[in-house]
Amino acid sequence: MAKDLFSSLDLNLLRTFLIVYQEKNTRKAAERLFVSQPAVSQALQKLRHHFSDDLFVKVHGGLQATAFSEQLANEITPHLDGLMTAVNSSNDFAPRDIDYPIKIALSPLVLACLSGTLYREIMTQAPNAKLELNSWSTSTEESLQKGDVIFGISYDLPSASKELYTKKIVDITGRLFVRQNHPIKKKVVTPEELAGYDIASLISPGWNDNFSHASQVLTTLSIPHRIGFRSEILMAIIDVLVNSDMYMPHSNLFPEDNYPNLRAIDISVDEKYKNIPIYSYIHMKNRNNPLIQWLDKVIRSALEKQVNKKYLL
């Protein structure tokens with residue numbers, strides 16, 4: 001049975017071998033490899049022992065390859081060149097080359113406010129991508145772990161899996177939204193002035209399934225209140241708003257220009273109660289994935305532009 005020369009071989013030695021073969025000089029090979037000349041000589045000695053061949057012999061002006069060395073160089077060069085191309089191309093990323101599905105999960109708050117903007121931005125840069133924007137649900141964490149969803153946006157989820165890498169993207173500021181002819185006419189109100197009006201609360205699965213952030217703040221401030229309606233569907237809440245005196249706690253992310261039958265009310269309250277961070281969620285294995293880094297940049301930019309929009313007008 002022939003000796004298995006491959007399994008016991010340090011493949012790094014083959015790269016040294018090829019450089020020496022090309023240069024026919026250990027000093028020049030060492031310079032290309034950024035190592036010392038003795039290190040190159042030691043590598044050649046290991047290879048000579050491994051292959052039981054001299055590989056190179058000294059001649060006037062340098063080294064000359066043996067017949068075995070010529071054959072070895074000719075046979076391994078295409079493979080190492082292919083390996084080099086594969087390794088180098090792994091760092092090449094261009095959104096325009098994306099021709100596969102991209103599934104992103106967004107909290108209902110973000111999904112309803114940025115879907116159009118994100119679609120435009122992503123598809124402009126990656127026109128051949130198959131984009132799918134889903135609402136964050138109780139199964140999204142599992143989907144991120146399985147790779148079915150590649151990128152997620154939601155609030156801070158304290159119980160999130162340790163397999164997920166979390167990074168803050170932006171802080172949003174709480175605002176209230178009511179129908180145009182709502183009894184509250186002020187543009188800025190105190191929490192006390194909300195007493196007597198019910199809350200229409202948007203549910204973000206995994207974050208506030210069983211509570212309302214606005215309700216928690218009012219409870220802390222000892223202000224009587226009641227949650228009159230809850231839903232994961234923003235349009236359902238908006239429909240309730242235009243047919244009642246309820247108010248919807250939302251944020252400066254909400255595209256109020258798209259809903260002329262609603263108007264915004266700011267709240268005069270401590271910043272700690274109305275500033276809430278939004279986070280990205282990805283699988284730990286994708287932290288250095290160029291696709292993820294590109295998506296992070298696009299989504300972060302879209303969120304920042306939206307929350308700062310009123311200051312740019």
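Strand 6 (164-179), strand 8, helix 7, strand 10 (248-251) and helix 9 (271-274) each contribute at least two residues to the lining of the largest cavity. The model is a predicted one, and the structure holds 1 cavity of 30 Å³ or more. Two of the elements named for the lining, strand 8 and helix 7, also belong, together with strand 9, to a right-handed β-α-β unit.

**The cavity**

- The volume of the largest cavity comes to about 400 Å³, and 27 residues line the largest cavity.
- Of these lining residues, His 213, Ala 214, Pro 249, His 250 and Ile 276 are the ones that lie nearest the centre of the cavity.
- Strand 6 gives the most to this lining, supplying 5 residues.

**The β-α-β unit**

- Strand 8 (residues 199-202) and strand 9 (residues 227-231) run parallel and are joined by 4 bridges, with Ile 199 standing opposite Ile 227 of strand 9.

**Helix 1**

- Helix 1 (residues 12-23) has 12 residues, which at 1.5 Å a residue should span 16 Å, and the distance of 17 Å between its end C-alpha atoms agrees with that expectation.
- The buried residues of helix 1 are Leu 13, Leu 14, Thr 16, Phe 17, Leu 18, Ile 19, Val 20 and Tyr 21.
- Just after helix 1, Lys 24 adopts a positive phi of about 55°.

**Strand 2 and Gln 64**

- Gln 64 lies in strand 2 (residues 62-65) and, with a relative accessible area of 45%, is partly exposed, because that class covers values between the 20% limit for buried and the 50% limit for exposed residues.
- Leaving aside neighbours within four places in sequence, Gln 64 is in contact with Leu 55, Phe 56, Val 57 and Val 59.
- Gln 64 and Arg 230 are separated by 166 residues in sequence and, from C-alpha to C-alpha, by 81 Å in space.

Notes:
Residues are numbered from 1 along each chain as its sequence is written. This is a predicted model: local features need pLDDT of at least 70, side-chain atom pairs count only at pLDDT 80 or more; totals for chains, interfaces and linings use all residues. Side-chain values use heavy atoms; hydrogens and water are left out. Two strands pair if DSSP finds at least two bridges between them. A crossover is right-handed if, with the strands pointing away from the viewer, the path from the first strand over the helix to the second runs clockwise. The expected span of a helix is 1.5 Å times one less than its number of residues. Buried means under 20% relative accessible area, exposed over 50%, partly exposed in between (1.4 Å probe, protein chains only). Contact means heavy atoms within 4.5 Å. On a 1 Å grid over the protein atoms alone, a cavity is a set of points where a 1.4 Å probe fits but cannot get out, and a pocket is an open set with protein on both sides within 12 Å along at least five of seven lines; lining residues have an atom within 4 Å of a point. Grid points are joined across faces, edges and corners, and a volume is the space filled by probe spheres set on the points.
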